[in-house]
Amino acid sequence: MSRIWEIDKGSFRDPSGNVINSGHRILRSVKKSAADDFKSLVDSGLLHKLIDSGWLVDTKVANEDIETEAEYIVEHQVIDHISYPYEWGFFFLKRATLFHLDFHLFLLEKGYTLSDATAYNIQFIGTKPIFIDLLSIRKYKEGEYWLAHRQFTEQFLVPLLLRSVKGVAHNNWYRGNLEGIPLTDFYKMVPMKCFLSLNMIFHIILQAKIQNHEIKKGAINSATSKVRIKRSHVEKPFPKIVLIKLLKSLRKWISSLEPLDKTDRTVWSNYGSENTYIDQIQKIKSVFISSFVAELEPNTLWDLGCNGGFYSFLSLKSGAKNVVGFDFDQKVIDSANEEASRNGYMFQAFYLDAANESPAQGWRSAERKSFSERINANAVIALAFIHHLAIAKNIPLDQVINWIVSMAPNGVIEFVGKEDPTVKKMLQNRTDLFPNYNLENFISILEMSSNIIQRVDIPDSERCLVSFQKKCR
Amino acid sequence: MKYCIKVVVIVIMLMPGMAFAYIDPGSASLILQSLLAALATIVTIVGTYYHKIKSFFSKKKEPSENAAEKLEYSDEKERDKKES
């Protein structure tokens, strides 16, 4: 009989249990070493409280017998879209950081703690963060040190500071390094003014300095040629009250961090209001999208090039249950997420360079899933999007269209012709290498893979809206 | 107060070769935390003495609660002595 479950490829570090994928269900084994903590979490009613208060992903004890080593098997609620910190904007990263600190403080109050501080343990439902790693929660031992301090620094704090102090977005560096941004690398670029901040001194400068110093010293004492004997730094207890103060002061500091470039204007931040869009075009597009979404009522709709989220929010109002937006611009994803958060929309926007989407990476290239492995959309919309790939990135038009069509069974693509001011601007300083970039060609390529359901040519413009349904193969 | 802490921290930073043996890179934060713990101990001790000195000077002016506590405490001591 073939096995219908398998251990998630990203779940191998924690010896106390594994995440198990079983069809569409997410299970988790709790092994002997974590069984006592788990039992007391259930018996004390705290597990229930954590779930009810929205800290922890919904978790139920399941009666499955699939791993002999496991003392318990639990079933978790399935998160609609799994995202990684290198896909979050500043707003999401900051929200996840504060959530992590608040959750840790809440657990300490109840006599529990978190065994690590990895940003990958936090996911978003809409714009609300939620903790997904049950086995990171364990009993607090009086006087124990916060062993995850450096992990917290590299996975949460340094990426936020990079944007806040230097105005550089964390995403590409985080993705390259996977486990956050190395403290000692960031330390090299800390400006002098930061040497006057107590928080910077304690969490960044001193920590990096001691770390560098210890690395330089090496493992062997050069004078005696003997291995240096480790002096325990944790002999004296670290009082709980000091840990709580430390976490609270970190919280206060982080909640005051804002992107350095917050007031600067970027390419797309005023796109919606200033571009070639006029009311008439927006009205036609809105009617088209509303009727497309209302007909399908998709569970998950993806909005490629979501900008400030105008059409995403419209889709939610028209019947989509969840919308995931993607954009290249840090500011628009933050402003879209902020607006969604204010209004309680089931929307989330992530950073995406469509010409360089997130790869599968980590241990054996399987620890973190690629962008395409996580596609679960029932519908996709790509409005005024394809010219950014076909013209600006020289990606052949047929490849761009087929990529979008591959994402969902239904969708809408807006074609923007060469005479449109945005495309004209893109081409003004370069040779036009795109003889095939025209509406006729666009339609004929799309018809190869899909049936065109509706087509609306926007009057007095070079724009055309097309809704399609992928052909069954 | 903040200025004093800054000076202390900067002095610590400039100290050549701290007296810790080889550690893995993550232990830098543990060293810092042990410093924090030590600082907390100092603050507690100083706080206790400060409280004692303060209560010594304020005893004459307001003997109310502290005195009552002390009386109770000395009563208990005497009782213990008698019992033993």
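Analyst: The open sheet has seven strands in the order 14-13-12-15-16-18-17 (chain A), and its pairing is mixed. Two strands pair if DSSP finds at least two bridges between them; strands (E, at least two residues) and helices (H or I, at least four residues) are DSSP runs, numbered from the N terminus. Strand 14 (347–351) and strand 17 (450–457) of chain A are the edge strands, each pairing on one side only. On average, neighbouring strands of this sheet are turned by 20° against each other, direction ignored.

This is a predicted model, in which local features need pLDDT of at least 70, side-chain atom pairs count only at pLDDT 80 or more, and totals for chains, interfaces and linings use all residues. Residues are numbered from 1 along each chain as its sequence is written, chains are lettered from A and ligands numbered from 1 in the order in which they are written, and side-chain values use heavy atoms, with hydrogens and water left out.

Within the sheet, strand 12 (residues 300–304) and strand 13 (residues 322–327) of chain A pair in the parallel sense over five bridges. A:Thr300 has A:Asn322 in strand 13 of chain A as its bridge partner.

Helix 10 (residues 279–296) of chain A lies across strand 12, strand 15 (379–382), strand 16 (410–416), strand 17 and strand 18 (463–470) of chain A, and runs at about 10° to strand 18 of chain A. Axes are lines fitted to C-alpha atoms, for helices over the stretch in contact, and angles run from 0 to 180 degrees between N-to-C directions; contact means heavy atoms within 4.5 Å. Helix 12 (residues 330–343) of chain A lies across strand 13 and strand 14 of chain A, at about 165° to strand 14 of chain A.

Strand 3 belongs to another set of pairings. Strand 2 (residues 19–22) and strand 3 of chain A run antiparallel and are joined by four bridges, with A:Ser22 opposite A:Arg25 in strand 3 of chain A. These two strands form a hairpin with two residues between them, and A:Gly23 in the turn has a positive phi of about 60°. Strand 3 of chain A also pairs with strand 5 (residues 70–76) of chain A, in the antiparallel sense over six bridges, and A:Leu27 stands opposite A:Glu75 in strand 5 of chain A. Five of the seven residues of strand 3 (residues 25–31) of chain A are buried, so strand 3 is largely enclosed by the rest of the structure. Buried means under 20% relative accessible area, exposed over 50%, and partly exposed in between (1.4 Å probe, protein chains only).
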